[in-house]
Amino acid sequence: MTHCWHDVTPGQNLPRDFTAVIEIPTFSKVKYELDKGTGLLRLDRMLYSAVHYPANYGFIPQTLAEDDDPLDVLVLCQEPVDPLTILDARAIGVMTMIDSGKPDHKILAVAVNDPEYNPYTDASELPPHRLAMLRRFFQDYKMLEGKTVEVEEFQAASEAFPIIEDSLQRYSSQRRRGFL
């Protein structure tokens, strides 16, 4: 069986373009989380707040972020994408959260094969309201659980590239050592 974190190639034109594995479709209130041992999705929880995911949410395979999980990615696309679907994405920005004291980067990307979003190359090109909605979701979605997070503003695509590269390197280093 293929393990979606370890066995899926992260892409050819890294860090700008990459493969994304979708965990949660747009409009979902269900929080799925990668089960690192099996490569399947585990139901983590139903969102406590009256919100839903504003974009397809997943991760970049063969990455390890500072929070010890695969690097998160929000993929803008016209339609919700089924969980465990892989798609070609392009980084257009990054938003950093502080969650439980650790940086939790969210790469903002567009689905390369979606003609509505494909022309975007930087977060600054998106309507400001779209960025505000994405950011607001992460400010609110844990509130009714009694948890607080700090959410920074979206940064340019150029700020996302070193984060992706660092996560790829961290994964490779940990994998070589046998920790993953």
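**View A. Phe 138 and Tyr 141, two buried aromatic residues.** In this predicted model, both Phe 138 and Tyr 141 are buried (buried means under 20% relative accessible area, exposed over 50% and partly exposed in between, with a 1.4 Å probe and protein chains only). Phe 137 is buried as well. The ring centres of Phe 138 and Tyr 141 are 5.4 Å apart and the planes stand at 80 degrees, so this pair is edge-to-face (rings of Phe, Tyr and Trp, the last by its six-membered ring, pair if their centres lie within 6.5 Å; planes under 30 degrees apart are stacked, over 60 edge-to-face, the rest tilted).

**View B. Phe 137 and Tyr 141, a stacked pair.** The structure holds 8 aromatic pairs. In the pair of Phe 137 and Tyr 141, the planes lie at 25 degrees and the centres 4.9 Å apart, so the rings are stacked. Phe 137, Phe 138 and Tyr 141 belong to one aromatic cluster with Tyr 53 and Tyr 57.

**View C. Phe 27 in the loop between strand 1 and strand 2.** Strand 1 spans 17-24 and strand 2 spans 30-34 (strands are DSSP runs of E, at least two residues, numbered from the N terminus). Phe 27 counts as exposed because its relative accessibility is 54%. Not counting residues up to four places away in sequence, Phe 27 touches His 52, Tyr 53 and Pro 80 (contact means heavy atoms within 4.5 Å). The C-alpha atoms of Phe 27 and Pro 80 are separated by 7.2 Å, with the two residues 53 apart along the chain.

**Notes.** Residues are numbered from 1 along each chain as its sequence is written, and side-chain values use heavy atoms, leaving out hydrogens and water. Local features need pLDDT of at least 70 and side-chain atom pairs count only at pLDDT 80 or more, while totals for chains, interfaces and linings use all residues.

Methods: Helix = DSSP H or I, 4+ residues; strand = E, 2+ residues; numbered from the N terminus.
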